[in-house]
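Please open the model in your viewer and keep the selection tool at hand. The stops below tell you what to select next and what is there.

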Amino acid sequence: MRSALLLRRFSCAGFLAAILLLAGCALNAPQTAQLIDTTPDGLPRRHLIAQVPFHAQDAFQCGPAALAMALNHSGVAVAPDDLVSRVYVPARQGSFQVEMLAASRAYQRLSMPIRPTLEALLRWIAADQPVLVLQNLGLSWYPRWHYAVVIGYDLDAGKITLHSGETAFYTLPLRTFEHTWARSQQWGMVALIPGDLPVVESEESYFQALAAFEGAGGRGVGKAWRAGLQHWPESRNLLMGYGNHLYGSKQYAAAAQQYRRVVALNPEYAPAFNNLAAALVERGDRAGAIAAATRAIALDPGNAARYRENLVAAQALP
Amino acid sequence: MAKNTPKARLFTVFLSLVFALFSLQIPAHAAIVTTGEIASAAQLDVQKQQVIERLLQQDVKDQLLSLGVDPADVADRVASLSEAELQQIEGQLDNLPAGAGLGTVAVVLLILILLEVAGVIDIFPRL
């Protein structure tokens, strides 16, 4: 009798162990443990962005709801229903990550994926910037993809707070969140007002975000280029981008100044010489434009045909 | 009903040719290497670049349409994507994660509840 009971208990434990194995993941949450143990410099132990508007999601439409919350917080008046036609994909009954980024641009917000770590996520929250995250609430082999907006955390309690689904201020253990977030490769995005850059991460991702924003017809990009250059004053791509922005708005002298900085820092970079030549052509600086165009052609003979356009234009100057 | 005479067909071909030619016009600022080119790290011939981007856009457009996106919305949606993003998703739309929230959770309910209790998953927010 007794041994039968014991056997049953053992098989029960075995069943549970088998299930956890099926889950395919260890139960520890390394980032959570690390953050609670040794909180990085400058990161507060707790923070809540209390005033993020909440929208309960309709069936399958956590994408539009989460995006509306993020955009509302950055001052855009938009309802989830307005975003359905922007991000919802009927046959997949959901929304894609890149379309969440793209739709923010259409509402004049600079959208950028964050660095995929729990620490980076909490730094954005601490800077009062809600983060729209993709989670897999299920398992890798039984995915339940879900968008939510992270609005707060408390390292002493080991909790994180989200506006999620039908629940505002949904608070759950940070380690559970770490598991669900890890299964989306820790994808999160912010929708910034152009010119804001409260948390400094990677120059490359900021440049890419800004280039995409400008390419989609974003306004207020001058401020955004300058904000980037404040943090990375010697960034080749940001200097080029700002120079191109100035060139595009016909501020040729200022554009030439940016390109000159690039060539001073990167004397082998042909596109900067080419663009400098183009700006100098517009300024009527014949000698300067010829010199710059000639240098571009010498540095990159593969693109000579293209760079020669500015040389020809320069030589045609009086 | 539209007449499908040889003449009408010829006219259609002519019209599409005109459209194709117009859509391949080079932009005014070909003089500089653009920020978009720097971002896609592809400094091709401007014309080639534009054709590639247009083909990519068309592919993604077709895929979105086949997934039920309203034809009236699809052009705006694709126009907001960068070239890098288009490249990233082109041909992948059937496999990409699509965040949806929770529908009906019917399968393997017991397993899920156990995993939930163990804190591995978070399917039942109020459990």
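The tour goes from a whole chain to an interface, and then to single residues.

This is a predicted model, in which local features need pLDDT of at least 70 and side-chain atom pairs count only at pLDDT 80 or more, while totals for chains, interfaces and linings use all residues. Residues are numbered from 1 along each chain as its sequence is written, chains are lettered from A and ligands numbered from 1 in the order in which they are written, and side-chain values use heavy atoms, with hydrogens and water left out.

**Stop 1: chain B**

Select chain B and colour it by secondary structure, which comes to six helices and zero strands; here helices (H or I, at least four residues) and strands (E, at least two) are DSSP runs, numbered from the N terminus. Of the 127 residues in chain B, 35% are buried, where buried means under 20% relative accessible area, exposed over 50%, and partly exposed in between (1.4 Å probe, protein chains only).

**Stop 2: where the chains touch**

Now show both chains together: 55 residues of chain B are in contact with 73 residues of chain A, contact meaning heavy atoms within 4.5 Å. How much area is buried between chain B and chain A? The value is about 5,200 Å², of which carbon and sulfur atoms give 59%; buried area is the accessible area (1.4 Å probe) that two parts lose on being put together, summed over both.

Across this interface the rule finds three salt bridges, a salt bridge being a side-chain nitrogen of Lys or Arg within 4 Å of a carboxyl oxygen of Asp or Glu. Select Arg77(B) and Glu99(A), whose side chains meet in one such bridge at 2.5 Å, N to O. Because Arg77(B) lies in helix H4 of chain B and Glu99(A) in helix H5 (residues 97-106) of chain A, the pair joins two chains. Both Arg77(B) and Glu99(A) are buried.

**Stop 3: a loop residue beside chain B**

Select Gln61(A), which sits in the loop between strand E1 (46-48) and helix H3 (62-73) of chain A. Is Gln61(A) buried or exposed? Gln61(A) counts as buried, because its relative accessibility is 15%. Leaving aside neighbours within four places in sequence, Gln61(A) is in contact with Val84(A), Tyr88(A) and Ala100(B).

**Stop 4: a network in chain A**

Select Arg45(A), Arg46(A), Asp154(A) and Asp156(A), which are linked in a network of salt bridges. The side chains of Asp154(A) and Arg46(A) meet at 3.6 Å, N to O. Asp154(A) lies in strand E6 (residues 145-154) and Arg46(A) in strand E1 of chain A, so this pair ties together parts that are 108 residues apart in sequence. Arg46(A) also meets Asp156(A), at 2.5 Å, N to O. Asp156(A) is in the loop between E6 and strand E7 (159-164) of chain A, 110 residues apart from Arg46(A). Arg46(A) is partly exposed, with a relative accessible area of 48%, and Asp156(A) counts as partly exposed at 47%.

**Stop 5: two backbone angles**

Most residues other than glycine have a negative phi. Select Gln93(A), where phi is near 45 degrees, a positive value; Gln93(A) is in the loop between strand E2 (88-89) and strand E3 (94-95) of chain A. Finish at Lys250(A), where phi is near 65 degrees, also a positive value. Lys250(A) lies in the loop between helix H10 (236-248) and helix H11 (252-265) of chain A, and is exposed, with a relative accessible area of 58%.
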